[in-house]
Amino acid sequence: YNFVAPVIFEDGSKAILKSGIPDQGLLSEIAALKHFNGNGFCKLWDAEPEKGIMILECIEPGEPLNIIRDEMASTKIAARLIRDIQMANSAPNHPFQTADDWYDDLVELHQRFGDRSLQPLYHYALIAYQSIKGSQQEQRLMHGDLHHENILSAGNDTWKAIDPKGIIAETGCELIPFLMNDLDGKDITTTISIRINVFSKELEIDKARIIRWGTFRSVLSVYWKIEDGMPITQEDL
């Protein structure tokens with residue numbers, strides 16, 4: 001968890017203070033924000049990484065993307081942001097985590113926590129990722145947790161991302177948190193299908209590839225919940 005608070009400078013300008021324990025996650029976030037330098041992301045004005053302190057751009061009006069209830073419209077906005085981020089991307093110097101690291105994490109977590117009920121899901125996830133690796137696409141620095149609440153309105157029909165994890169992966173990996181988010185009260189199958197269709201068309205990614213990434217990342221999320229000591233519900237499975 002992080003502490004977040006608004007900042008007002010002496011000249012009346014605004015910013016956001018974000019402070020947390022300077023672990024790998026927070027240091028990766030700072031490095032990612034420095035790398036993107038405001039291109040599609042909130043800008044990092046200043047930071048003291050060793051103290052876990054950031055001063056960030058205050059995005060206004062700052063409403064999350066889920067204020068747009070039309071699924072096709074909101075997914076097109078997310079696709080446009082992902083495309084803009086890709087165009088501004090270059091090879092980073094920071095040793096960010098990779099999708100392969102997440103795969104290794106899944107294998108390790110299964111060895112520690114896996115049981116018979118999880119074996120089929122684990123098996124599906126391994127097959128999905130190995131299929132992806134067999135036809136690997138261009139690797140870029142990605143947000144890593146790009147869902148509706150991490151995409152904020154910045155006025156004039158522009159949107160910016162906040163809270164990046166920072167991971168080196170292909171574009172398909174970036175889509176899954178958005179696909180799996182903001183589903184309460186909705187027909188899950190229909191909603192995810194609409195989102196997949198929009199992403200596939202707008203970003204020119206094969207639907208089956210998106211679904212393979214979804215299988216891998218969804219199962220990994222279940223194992224992360226187990227690692228954190230959280231109960232696993234039937235809905236999770």
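User: Is the crossing of α3 and α8 left-handed or right-handed?
Analyst: In this predicted model, helices α3 and α8 cross in the left-handed sense.

User: How far apart are the axes, and at what angle do they cross?
Analyst: The axes of α3, residues 99–113, and α8, residues 207–227, come within 10 Å and cross at roughly 50°. α3 is therefore oblique to α8.

User: Which residues make the contact?
Analyst: On the α3 side they include Trp 102, Tyr 103, Leu 106, Leu 109 and Phe 113. α8 contributes, among them, Trp 213, Phe 216, Leu 220, Tyr 223 and Trp 224.

User: How do the contact residues divide into nonpolar, polar and charged?
Analyst: The contact of α3 with α8 has 13 nonpolar residues, 1 polar residue and 4 charged residues.

User: Changing topic to the overall fold. How many helices and strands does the chain have?
Analyst: The protein chain contains 8 helices and 9 strands. Its C-alpha trace spans about 60 × 40 × 35 Å along the principal axes.

User: What is the radius of gyration, and what would a compact globule have?
Analyst: The chain has 18 Å, which agrees with the value near 18 Å for a compact globule of 237 residues.

User: Now the open sheet. What is the strand order?
Analyst: The sheet of 4 strands is ordered β1-β2-β4-β3, and its pairing is antiparallel. β1 and β3 are the edge strands, each pairing on one side only. On average, neighbouring strands are turned by 20° against each other, with direction ignored.

User: How many bridges join β1 to β2, and how many join β2 to β4?
Analyst: β1 (residues 3–8) and β2 (residues 14–19) pair over 6 bridges, with Ser 19 of β2 as the bridge partner of Phe 3. There are 5 bridges between β2 and β4, where Ile 16 has Leu 56 of β4 as its bridge partner.

User: What happens in the hairpin of β1 and β2?
Analyst: That hairpin has 5 residues between the strands, and Gly 12 takes a positive phi near 90°.

User: Which strands does α1 lie across?
Analyst: Helix α1 lies across β2, β3 and β4, and runs at about 35° to β4.

User: Which residue has a positive phi although it is not a glycine?
Analyst: Asn 37 does, with a phi of about 50°. Asn 37 sits in the loop between α1 and β3. Most residues other than glycine have a negative phi.

User: Where is there a cis peptide bond?
Analyst: A cis peptide bond joins Glu 60 to Pro 61, with omega about 5°. Pro 61 belongs to the loop between β4 (53–57) and α2 (71–87).

Note on methods. Residues are numbered from 1 along each chain as its sequence is written. This is a predicted model: local features need pLDDT of at least 70, side-chain atom pairs count only at pLDDT 80 or more; totals for chains, interfaces and linings use all residues. Side-chain values use heavy atoms; hydrogens and water are left out. Axes are lines fitted to C-alpha atoms, for helices over the stretch in contact, and angles run from 0 to 180 degrees between N-to-C directions. Helices (H or I, at least four residues) and strands (E, at least two) are DSSP runs, numbered from the N terminus. Angles under 35 degrees count as roughly parallel, over 145 as roughly antiparallel, 65 to 115 as roughly perpendicular and the rest as oblique. A crossing is left-handed if the near helix is turned anticlockwise from the far one by less than a right angle, and right-handed if clockwise. Contact means heavy atoms within 4.5 Å. Ala, Val, Leu, Ile, Met, Phe, Trp, Tyr, Cys and Pro count as nonpolar, Asp, Glu, Lys and Arg as charged, and the others, Gly among them, as polar. Two strands pair if DSSP finds at least two bridges between them. The radius of gyration is taken over C-alpha atoms; the globule rule is 2.2 Å times the number of residues to the power 0.38.
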